[in-house]
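Work through the exercises below with the sequence and the structure open.

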Amino acid sequence: MAHLADLLLLLVLLSGFLILGTTRLTTCIRGVAVQGGLLGLLPLALQPVPQWTAHTLGLAAGTILVKAIALPWFLTWAIREAAVRREVEPRVGYIASMALGIVAVAVASAVATRLPVPGEHPILLLATSLSCVIMGLLVLATRAKALIQVVGYLMLENGIYVFGLTSVDRVPFLVEIGVLLDIFVGVFIMGIVVFHINREFDSLDSARLTELKD
Amino acid sequence: MTGWALAGLGAMLALAPLLPGVAAKTKALLTGRRGAPVWQLYRDLLRLWRKGAVYSTRTTWMFRLAPVAGVVTPLFATMLLPLDCRAAVVRFAGDFVAFAALLALGRFLLVLAALDTGSSFEGMGASRDAAFASLVEPALFLGFVVLALGTGQRSLSAMLGGDAGTLSWGAGAPSLAMVAVSLFFVLLAESSRVPVDDPATHLELTMIHEVAVLDHSGPDLALLLYGGALRMGLFAALPVGVLVSRAGLAGPLALGALLAGTVVVAAVVGVLESSMARLRLSRVPQFLVAASVLASLGVILQLLT
Amino acid sequence: MLLTALILVPALGAAGAYGGGRGTRHGVWLVSVAALHLLMVAIAWVAEPAPMLDGWLALDSLGLAVLSVVSVLFLVVATYAVGYLRRERARRAFASWLLAFLSAASLVAVSHHLALLWVGMEGTTLALAPLIFHRRDRRSLEATWKYLVISSVGIALALLGTFFLATAQGDLGSSGLRPLVLEDLLTGAVQLHPAWLKAAFIFLLVGYGTKLGLAPMHTWKPDTYGEAPALVAALMAGGLTSCAFLGIARATQVTMAAGLAPFARPPLFVFGLLSLAVAAAFVIGQNDVKRLLAYSSVEHVGLLVLGLGLGGVGAYGSVLHLVNNALAKGLLFLAAGNVALTAGSERGGLLRTIPASGFLLLIGLFAVTGSPPFGMFLSELTILRAAWGNGHPWIAAVTLVLLAVIFIGIAVTILELLYGPGRSGARRERESWWLIAGPAALALAALVLGVAIPGPLQDLLARASTALGGIAP
């Protein structure tokens, strides 16, 4: 089971790089959907089969439903509605983004070796969590399109969720509900605003949102 | 024992031209054709050897040197690989640097020969070739770094499943998987295959490696083609050596496994060629950097475990 | 019982407001629910409510202070809304979102489980977004987008910080302590893993600091306060900042209890002074009144965090400043809203056209810049005293200089607005009583607090500052 968890975490990291390096908007959304699916399977992989509780199964099912199905579907709908140009237009080039992604993973791994997590967890868990957080912030900061910024925010939330899995048995249900609610409602509202942005500005380039300044 | 190592060297030299044939045959079969037989390259080499060479009056000795170097450098590099999983014919600490250096030297001389013709068309192909090769070098070295970290050795003979076969699949699996995929990308780049370069293209402006060897003819071209096949064999042997643990096998079985593995890799290349198109030229660097990214990820994972 | 009622009553009110139609009935509904909420808070003052949900909900002195501030401010904003809704068209959900904000803010104030507190902060973020977008034009869309992105990232980082805090507690199986509950965090503070606690503190400071509007995470503030309706901006400047400050205060409480005060102080100083500096820089030459007030808000949250970091009397100063800030900001934003409502974009001569609102704006100017006899003078003085006395004299000096610069900047703009030439032939406009009463009450309260702080309030603030590791003067 430990190997399966390691594999899932590795695939999560790889999908993060996919999001950083791809040129197509739909691939970004599929990347974050794949991440969501992997994260849904992660709580199942972290515990051996006999120890699965209703809580674990519910968490896995809920995560997959929200992160892998509902949210990507919603984002795809937003793309169609807004008739956006399907290219990601980054302010920082793709190669530089991928290089920064590697730096993020290196930093996260260095931190992970220094901060011990209580309980039995693969060391890759903390590294993956922090990598996703940093890569999500990277996407938020370097991408101009509003929809991609939402994808970056989802990656940030995925990283936080992975970290939350280390305390699943210690801090009860509320937290998972809180995280999922956060993503769902936050992205939902963001999606609606994105829709309005496109209507008003005829583009989803948030670099154009520069009317208000000092 | 050097006995089997020499046998391995001979086998690789003899069987290298089979690999491009396997790739082409796979691609043909998957696209619904019968295609040329797998040993077609042998016939081409023989045919070209019997022809005379035509040299442009503007070329110098460099133009005649490059094909020879194109065979000699991969030959020496083959001597550094532990084909029978015990030891290579030549081994010393840090020989992986020599491995990469030899192959780079061969490519360098080829680029110089292309520039030697004075034709801007070949210069274009050579410059693209050189650019892509330089982008993929880091991936190759990072892959070697992972192997060195994993086995604690600095010689290729030990790193690629040598004396003790110390690379276990248990803990080091993720990083090895990353390295294997990264080395496969390196193979695609170095042997100019899809998605980096399409060897079957007939549109001049989309050629990269084809253009660099455009002016060579006769025996020179035969040497170049053979050298290219040998390079493909070498780069195919790397991921096989990483993925397949041949520690417990006896000499001939290990050698056979490696050769069979390279044939499988060639077939996978053929599958890839039949299923995707070459990437847009401006997107190729991203693909190559992805290889380096995968390899660096392998390094980080190796350091974590 | 009372604690859940404090959260549920506004929530039910929000649902009820959505059910009714549009128009002025919303205003009445808002005032009624707000008055009921304030009544419950008053009961909580008199009879301390018992903790609920196994200690997850409880009301300590700091929470009660924040709750009272938010409740009073909300009642004033509700009365203002009566007049506002008569003039402006509002969508059906306007009152609902306002009440949802009140519910979420109450949750933040009464929750002692830090994850529940986070849920409340998240709720305030989401409840305010539609309110900022009220006018539905390009500028407010841009402001809402910036607000959403930056606030959501801040909230996400705060969640990560909360998780780090839970990890710092480690394995609690045998000790019987409850994870992430404030009391147990404080009692078990010395056993908290220091590295995780430090990481948690930084993330919580940055995350909740984004909501608070500390520099350099303040960039959403000018746009948001500038484009949102004035009463929403008033609620944010007074209510949201108080809630966010509570989040940071809880984190500071735990960190100081664990003996890591020397680690916690420098970041608080840095963020506080940086906010003051940024406010001073951008306040000069700022013509838009609401953006001007946004930078003033950045200044004041900087002071809040500075006082928190200084400790000693500074903690008392911070809590007092919390109250004064809410009163002054509420006053100013509502008066500025009147300027927008009645006089439009008139520049100058407002004391002639809308004398009551103009006068309130003038009073607000003095209140928010910390001039005696208003309450803010006392709180700023207390914080400066703490800086001088606790061995950070240079902090006091820098703060003093920056405060002076900010005073000049705000005064220039507002005085020009009030006394400047203006349009010739402008007549006196009629001002609705509803739009004046609220701000006037806030002005009066600000004045009272400057002259003599009522006994019970002083008592509450003293207890709150002791909880923050400080001392009362």
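## Exercise 1. The contact between chain C and chain A

Task: find how many salt bridges cross the interface of chain C and chain A, and describe what this interface is made of.

Solution. Step 1: the model is a predicted one, and across the interface of chain C and chain A there are 0 salt bridges.

Step 1: look for polar contacts instead. Between chain C and chain A, 1 residue pair is in polar contact, with both residues at pLDDT 80 or more.

Step 2: take the area. The two chains bury about 3,900 Å² between them, and 76% of it is on carbon and sulfur atoms. Chain C brings 41 residues to the contact and chain A brings 43 residues.

Step 3: assign the chain C side to helices. Helices H5 (114-132), H6 (138-169), H8 (194-212), H9 (220-227) and H12 (289-310) of chain C each supply at least two residues of the side that touches chain A. H6(C) gives the most, with 19 residues.

Step 4: sort that side by residue class. The chain C side that touches chain A holds 25 nonpolar, 6 polar and 10 charged residues.

Step 5: Chain B and chain C do not touch, and their nearest C-alpha atoms are 20 Å apart.

## Exercise 2. Salt bridges inside the chains

Solution. Side chains of opposite charge can pair when their charged atoms come close.

Step 1: start in chain B. The side chains of B:Arg231 and B:Glu190 form a salt bridge, with 2.8 Å from N to O. B:Arg231 sits in helix H10 (residues 218-243) of chain B and B:Glu190 in helix H8 (residues 173-190) of chain B, so this pair ties together parts that are 41 residues apart in sequence.

Step 2: B:Arg231 has a relative accessible area of 11% and is buried because the cut-off is under 20%. B:Glu190, at 8%, also counts as buried.

Step 3: move to chain C. C:Asp60 and C:Arg250 meet through their side chains in a salt bridge at 3.0 Å, N to O. C:Asp60 is in the loop between helix H2 (24-46) and helix H3 (61-87) of chain C, while C:Arg250 is in helix H10 (residues 230-257) of chain C, 190 residues apart. Both C:Asp60 and C:Arg250 are buried.

Step 4: take the third pair. The side chains of C:Glu227 and C:Arg135 form a salt bridge at 2.9 Å, N to O. The partners are 92 residues apart, C:Glu227 in helix H9 of chain C and C:Arg135 in the loop between H5 and H6 of chain C. C:Glu227 is buried, with a relative accessible area of 4%, whereas C:Arg135 is partly exposed at 42%.

Step 5: look for shared partners. Salt bridges that share partners join B:Arg107, B:Asp129, B:Glu190 and B:Arg231 into one network.

## Exercise 3. Helix H18 of chain C

Task: what span does helix H18 of chain C reach, and which of its residues are buried?

Solution. Step 1: H18(C), residues 433-451, has 19 residues and reaches 27 Å from its first C-alpha to its last, close to the 27 Å expected at 1.5 Å a residue.

Step 1: the buried residues of H18(C) are C:Leu435, C:Ile436, C:Gly438, C:Pro439, C:Leu442, C:Ala443, C:Ala446, C:Leu449 and C:Gly450.

Notes
Residues are numbered from 1 along each chain as its sequence is written. Chains are lettered from A and ligands numbered from 1 in the order in which they are written. This is a predicted model: local features need pLDDT of at least 70, side-chain atom pairs count only at pLDDT 80 or more; totals for chains, interfaces and linings use all residues. Side-chain values use heavy atoms; hydrogens and water are left out. Contact means heavy atoms within 4.5 Å. Buried area is the accessible area (1.4 Å probe) that two parts lose on being put together, summed over both. A salt bridge is a side-chain nitrogen of Lys or Arg within 4 Å of a carboxyl oxygen of Asp or Glu. A polar contact is a pair of N or O atoms within 3.5 Å; within protein, one must be able to donate a hydrogen and the other to accept it, and residues adjacent in sequence count only if both atoms are side-chain atoms. Helices (H or I, at least four residues) and strands (E, at least two) are DSSP runs, numbered from the N terminus. Ala, Val, Leu, Ile, Met, Phe, Trp, Tyr, Cys and Pro count as nonpolar, Asp, Glu, Lys and Arg as charged, and the others, Gly among them, as polar. The expected span of a helix is 1.5 Å times one less than its number of residues. Buried means under 20% relative accessible area, exposed over 50%, partly exposed in between (1.4 Å probe, protein chains only).
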